[in-house]
Amino acid sequence: MIGGGPAGLAAAIALAQSGANTALIARRTPYADNRTTALLGGSIDFLQGLDVWPRCKDKAAALQVMRLVDDTGRLIRAPEVRFSCDEIGLDTFGYNIENGTLIAALEQRAAELSALTRFDDEADTVNPGEAAVAIRTGQVKSLSARLVVGADGRQSLCREAAGITVNRRDLHQSALTFNVSHSRPHRNISTEFHTPHGPCAFVPLPGDRSSVVWVSTPKEAERLIALSDDELSNAAEKQSHSILGRIQVEPGRHMFPLVIEQPREFAKARIALVGEAAHVVPPIGAQGLNMGLRDAADIADIVREAMGTGEDPGGPQVLKRYASARRADVASRTFAISIANRSLLSDFLPMQTLRAAGLHLIGSIGPLRRLAMREGLSPSWRPTRRVI
Ligand SMILES: Cc1cc2nc3c(=O)[nH]c(=O)nc-3n(C[C@H](O)[C@H](O)[C@H](O)COP(=O)(O)OP(=O)(O)OC[C@H]3O[C@@H](n4cnc5c(N)ncnc54)[C@H](O)[C@@H]3O)c2cc1C
């Protein structure tokens, strides 16, 4: 395993728990930004199976209602769409948690597993060979593995070593993230305001707090990040139409240029990619890490099955099974997110009409709305894999 972000740590735990002798090459550094993750449906079950969820669930906020509000101010506007978890018989869609808190719980669990050896280091070179991959670390340790799982993020060395090329599309948008406290309760409702430059989401955190992901043009994001605390508090309150009352920003802001990245393959030359090494999508519909956790669950499951039958875990058949397990999920979500984003930004009137009509249908036709909710949580056609 190379890379100790949330997807890499989850994959390392799942692999070690499934009996694979696992080495994790990842620096132990404090989590560097204030992103939060809305963990949906199966992600919670997966983290429960890893014995990670009990360590952090008290610090997460339940998400029971999701509102989409058209705030484009355009002539043709979509009606508000409200998704409620009780409509599909659930107590919650999922939970929003600070990434730093999730990482701490993952790190704690990873440290307990005897099948998991941690190298507090980084991979310097990764060389795939016929029977194994040779890895050299920054502290000049040489390791060899029949399978390398690359969870080394957007600039993945593993991906490059496997010779996997990437389709990259710059969206000319940036996401500003910060957390806020507010005078009115959020009542576990997440609200996404759709502006002509991207969505601005207020997602519940425990107490009277929310995380904000504000997508805009890079220039506007630069302006917002440079505001004083009071100015940004006022701007956020205005953007939220005061639904949360008075808003006060907390220390810490970060900016993320938005891109879509689609590697041409998920696995090659004894290297399988998980997390953002395998897919980067903009923060619309809270899909990125949820997909990354499904990558982690699938690679661990496929490796366990392969070891059970004496198969080489890095062999071409195993890599092929992993790629086919992940392809449709990642491709369909990347496509849906890209379309949702484009339809929001488009100044083309027929596109705006189509978007408004689509949201109107989802908002008013119960079975369609319930289908959208279930598909948003996880793909319905995904085979039920054993809980690891
Ligand atoms: C604003 C924003 C909001 C988001 N909100 C959500 C959400 O609500 N829900 C959701 O599901 N997703 C969300 N996402 C997506 C989610 O944050 C990412 O999918 C996730 O953080 C990626 O995790 P990762 O482990 O794949 O990558 P990373 O966190 O980038 O981890 C990669 C790790 O690999 C390490 N590394 C790199 N190279 C090497 C090397 N050579 N050797 C060793 N280590 C190496 C890096 O140091 C890093 O620690 C959001 C994203 C953004 C930008």
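By class, twelve nonpolar, twelve polar and four charged residues make up the shell around the ligand. Nonpolar here means Ala, Val, Leu, Ile, Met, Phe, Trp, Tyr, Cys and Pro; charged means Asp, Glu, Lys and Arg; the others, Gly among them, are polar. The model is predicted: local features need pLDDT of at least 70, side-chain atom pairs count only at pLDDT 80 or more, and totals for chains, interfaces and linings use all residues. Residues are numbered from 1 along each chain as its sequence is written, and side-chain values use heavy atoms, without hydrogens and water.

**Exercise 1.** Describe the surroundings of the ligand.

Step 1. Count the residues with a heavy atom within 4 Å of the ligand. There are 28, and the closest are R35, A123, E276, L289 and N290.

Step 2. List polar contacts (N or O pairs within 3.5 Å). The side chain of R35 places an N or O atom 2.9 Å from a ligand oxygen. A backbone N or O atom of A38 also lies 2.9 Å from a ligand oxygen. For N290, a polar backbone atom is 2.9 Å from an oxygen of the ligand.

Step 3. Check burial. Alone, the ligand exposes 1,000 Å² (Shrake-Rupley, 1.4 Å probe). The protein buries 81% of that.

Step 4. Assign elements (DSSP runs: helices H or I, at least four residues; strands E, at least two). α1 (6-17), β2 (36-40) and α7 (288-308) each give two or more residues to the shell.

**Exercise 2.** Work out the strand order of the open sheet.

Step 1. Pair strands that share at least two DSSP bridges. The order is β11-β19-β18, with mixed pairing.

Step 2. Find the edges. β11 (148-150) and β18 (267-268) each have a single partner strand, so one side of each lacks a neighbour in the sheet.

Step 3. Inspect one pair. β18 and β19 (271-273) run antiparallel over two bridges. A267 has A272 in β19 as its bridge partner.

Definitions and conventions. Near = heavy atom within 4 Å. Polar contact = N/O pair within 3.5 Å; in protein donor to acceptor, adjacent residues only side chain to side chain.
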